[in-house]
Amino acid sequence: MRGFGQLEAEIMERLWAWGRPASVREVVDDLNRTRPVAYTTVNTVADILYTKGWLRRHKEGRAWIYQPTRSREAHSADLMREALGESGDEQAALLLFVESIDDDQARVLRALLDRGRPE
């Protein structure tokens, strides 16, 4: 699965942060606040994200309206599972991860583990 390319990530981050469907024009206008980017470039990358299954879309007039198919949290969880699976030694990777988290994160992890999985 891997992570996104730079512009893919910027588009996804905006859509996740907004929490609503948005047009390519809205994304372009927001991106142009920090750096110049062409409408056609964003339109092409949004279409690629749609083809990859990361976005769904529908037409409103002549504009495509895009929305993520998965949440940012689901994407993060997939990345963590993928990294763990590629580690070569899952136990060692988990140990290093757990040793690196702060006390608040450890409390949250412990509470989640204590809660267990539904049967």
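User: Where do I start with two packed helices?

Analyst: Two packed helices are described by the angle between their axes and the distance between the axes. Here, the axes of helix α2 (residues 24-31) and helix α3 (residues 39-51) come within 9 Å and cross at roughly 120 degrees. That makes α2 oblique to α3 (angles under 35 degrees count as roughly parallel, over 145 as roughly antiparallel, 65 to 115 as roughly perpendicular and the rest as oblique).

User: Which residues in α2 and α3 meet?

Analyst: Contact means heavy atoms within 4.5 Å. From α2, Val24, Arg25, Val27, Val28 and Leu31 meet Tyr39, Val42, Asn43 and Ala46 of α3. Seven residues of this contact are nonpolar, one is polar and one is charged.

User: Which residues of α2 are buried?

Analyst: Buried means under 20% relative accessible area, exposed over 50%, and partly exposed in between, with a 1.4 Å probe and protein chains only. In α2, the buried residues are Val24, Val27, Val28, Asp30 and Leu31. They lie on the same side of α2, because they cover an arc of only 165 degrees around the axis. Their packing partners are α1 (6-18), β1 (22-23), α3 and β3 (63-68).

User: Is Thr40 buried or exposed?

Analyst: Thr40, in helix α3, is exposed, with a relative accessible area of 55%.

User: What should I know about the numbering and the values?

Analyst: Residues are numbered from 1 along each chain as its sequence is written, and side-chain values use heavy atoms, leaving out hydrogens and water. In this predicted model, local features need pLDDT of at least 70 and side-chain atom pairs count only at pLDDT 80 or more, while totals for chains, interfaces and linings use all residues.

Notes
Axes fitted to C-alpha atoms, helices over the stretch in contact; angles between N-to-C directions. Helix = DSSP H or I, 4+ residues; strand = E, 2+ residues; numbered from the N terminus. Nonpolar A, V, L, I, M, F, W, Y, C, P; charged D, E, K, R; others polar. Arc of directions from axis to C-beta.
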